[in-house]
Amino acid sequence: MLIATYNVNNVNRRLANLLGWLAARKPDVVCLQELKAADADFPAAAIRSAGYEAVWAGQRTWNGVAILAHGAMPVLTRAELPGDPDDRQSRYIEAAVGGILIASIYAPNGNPQPGPKFDYKLAWLERLARHATALRRTGAPVVLAGDYNVAPTELDIYPTRSWDDDALVQPESRAAFRRLVGRSWTDAIRTLHPDERIYSFWDYKRNRWPRDAGLRLDHLLLSPNLAGRLVAGGVDRETRGLDGASDHAPAWIELSDSG
DNA sequence: ATGTCACTCGACGAGTGA
């Protein structure tokens with residue numbers, strides 16, 4: 001089973017890019033982030049024509065997450081992250097596909113830091129960690145996939161000092177990610193490629209894509225009962241170089257059918 | 001310090017978020 005996560009940075013603006021990538025990569029499950037579309041504006045018909053059913057939690061202008069499944073309707077289990085009834089931002093959706101519980105995650109960016117946006121980011125990641133533990137304890141196989149807006153280590157950002165004050169690389173952000181992953185979850189792409197610089201995001205600014213000045217922000221975390229099924233994974237970085245591309249490229253993993 | 005992009009409001013530019 002091929003599971004991917006792709007921050008599309010506006011699903012309607014990026015629809016041609018998304019459909020082209022779906023046709024080429026043929027993933028079984030896709031987690032999308034930054035739809036930047038209200039529920040009524042999600043391009044469900046075009047996505048269905050490409051062979052995918054979808055569930056989504058939209059929001060006008062910002063945020064928005066979805067889960068696509070090839071030839072099957074994802075069974076929605078949750079459309080918001082527990083722990084804060086006042087949180088109106090569409091950053092979490094969860095559904096069952098092919099016997100696996102899939103979450104599509106769009107963690108807050110957190111800039112500028114320090115400040116209320118950074119506080120919200122850290123609190124949101126703590127809520128996610130708590131919910132991840134609850135999911136793990138159900139015993140279900142779980143994949144938590146999405147844009148975590150954290151570059152976990154120095155290997156996950158090109159050598160530079162220019163992001164030192166950015167929320168994506170702060171010690172508090174990295175500690176929150178480490179607490180979430182803990183001893184139980186597997187950062188799939190890092191586990192497959194322990195020593196490689198792999199990026200999934202290149203800022204539009206400052207010639208960052210041509211310079212390969214990227215960060216790895218998009219992660220797929222596997223519950224312990226899935227770790228043994230991980231066979232391959234990577235980032236489709238060529239997607240970032242196409243016309244009208246998102247500033248993120250899709251990250252994907254392949255799980256064996258059983259084990 | 002700065003470089004982009006796409007949107008919002010409510011005018012043809014400024015502000016916002018990433």
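**Group meeting: strand S10 and its surroundings**

Let's start with a pair of strands. S9 and strand S10, residues 218-222, pair in the antiparallel sense, over two bridges. One pair to look at there: Thr186 stands opposite Leu222 in S10. Keep in mind that this is a predicted model.

A quick reminder. Strands of a sheet pair through backbone hydrogen bonds, either parallel or antiparallel.

Now the other side of the story. S8 and S10 also pair in the antiparallel sense, this time over five bridges. Here Asp147 stands opposite Asp218 in S10.

Is it buried or exposed? Five of its five residues are buried. Both faces are covered. Asp218, Leu220 and Leu222 are on one side, and His219 and Leu221 are on the other.

Last stop: Asp203. This residue lies in the loop between helix H5, residues 188-192, and S10. Why does Asp203 count as buried? Because its relative accessibility is 13%, and the cut-off for buried is under 20%. Its side chain reaches the backbone nitrogen of Lys205 at 2.8 Å. Leaving aside neighbours within four places in sequence, Asp203 is in contact with Trp163, Arg208, Trp209 and Arg240.

Terms used. Residues numbered from 1 in each chain as written. Chains lettered and ligands numbered in written order. Predicted model: local features only at pLDDT ≥ 70, side-chain atom pairs only at ≥ 80, totals over all residues. Heavy atoms only, no water. Pairing = 2+ DSSP bridges. Helix = DSSP H or I, 4+ residues; strand = E, 2+ residues; numbered from the N terminus. Buried < 20%, exposed > 50% of the residue type's maximum accessible area, 1.4 Å probe, protein only. Polar contact = N/O pair within 3.5 Å; in protein donor to acceptor, adjacent residues only side chain to side chain. Contact = heavy atoms within 4.5 Å.
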